[in-house]
Amino acid sequence: MFKFEDITSSNNGGNIIAACKIQSDAHFFTGHFENFPVMPAVAQLLMIQALIKTSRICNEKIAATKSCKFYQLIQPDQSVQITLSKINNDTLTFMIENGDDVFTKGAFQLTGNPATP
């Protein structure tokens, strides 16, 4: 569903940055909303989850969402950059942006238990 490009890692794998173009034919645009398609919040979280899995930034499960704020709408064919940062082995922060525009940012609480593949 999401095609990540230019995935880079720094800080011994603790930071991940990836580019993604939000395809206009993505199924989640159907009906959300008619004549004004925007990427649903749940699809943004699924995109972050997919990058976590693709990048293997952490082995822990997500226990809870510590914070999550949606600032701006993401529309079809928009390019975004996703940044993941692991902090102290118990927190993973995320941000979706494009240049100076921040679309979404927040943090997940991680458990000490490995996630299942």
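Surface patch and backbone exceptions

Val42 belongs to helix α1, which covers residues 41-55. The model is a predicted one. Val42 is exposed because its relative accessible area is 56%, and the cut-off for exposed is over 50%. Together with Met1 and Leu46, Val42 makes a nonpolar surface patch of about 310 Å².

The backbone comes next. Most residues other than glycine have a negative phi, and most peptide bonds are trans. Three places in this model can be set beside that background.

In the loop between β1 (4-10) and β2 sits Asn11. The phi of Asn11 is near 55 degrees, a positive value in a residue other than glycine. Is Asn11 buried or exposed? Asn11 counts as exposed, since its relative accessibility is 55%.

Asn89 lies in another loop, between β4 (79-87) and β5 (91-98). What is the phi of Asn89? Asn89 has a positive phi of about 60 degrees, although it is not a glycine. With a relative accessible area of 54%, Asn89 is exposed.

To recap, Asn11 has a positive phi, and Asn89 has a positive phi as well.

Definitions and conventions
Residues numbered from 1 in each chain as written. Predicted model: local features only at pLDDT ≥ 70, side-chain atom pairs only at ≥ 80, totals over all residues. Heavy atoms only, no water. Patch = residues over 30% accessible without salt bridge, like charges linked within 9 Å, V, L, I, M, F, W, Y side chains within 5 Å. Areas by Shrake-Rupley, 256 points an atom, 1.4 Å probe, with all protein chains shown as cover. Salt bridge = Lys/Arg side-chain N within 4 Å of Asp/Glu carboxyl O. Helix = DSSP H or I, 4+ residues; strand = E, 2+ residues; numbered from the N terminus. Buried < 20%, exposed > 50% of the residue type's maximum accessible area, 1.4 Å probe, protein only.
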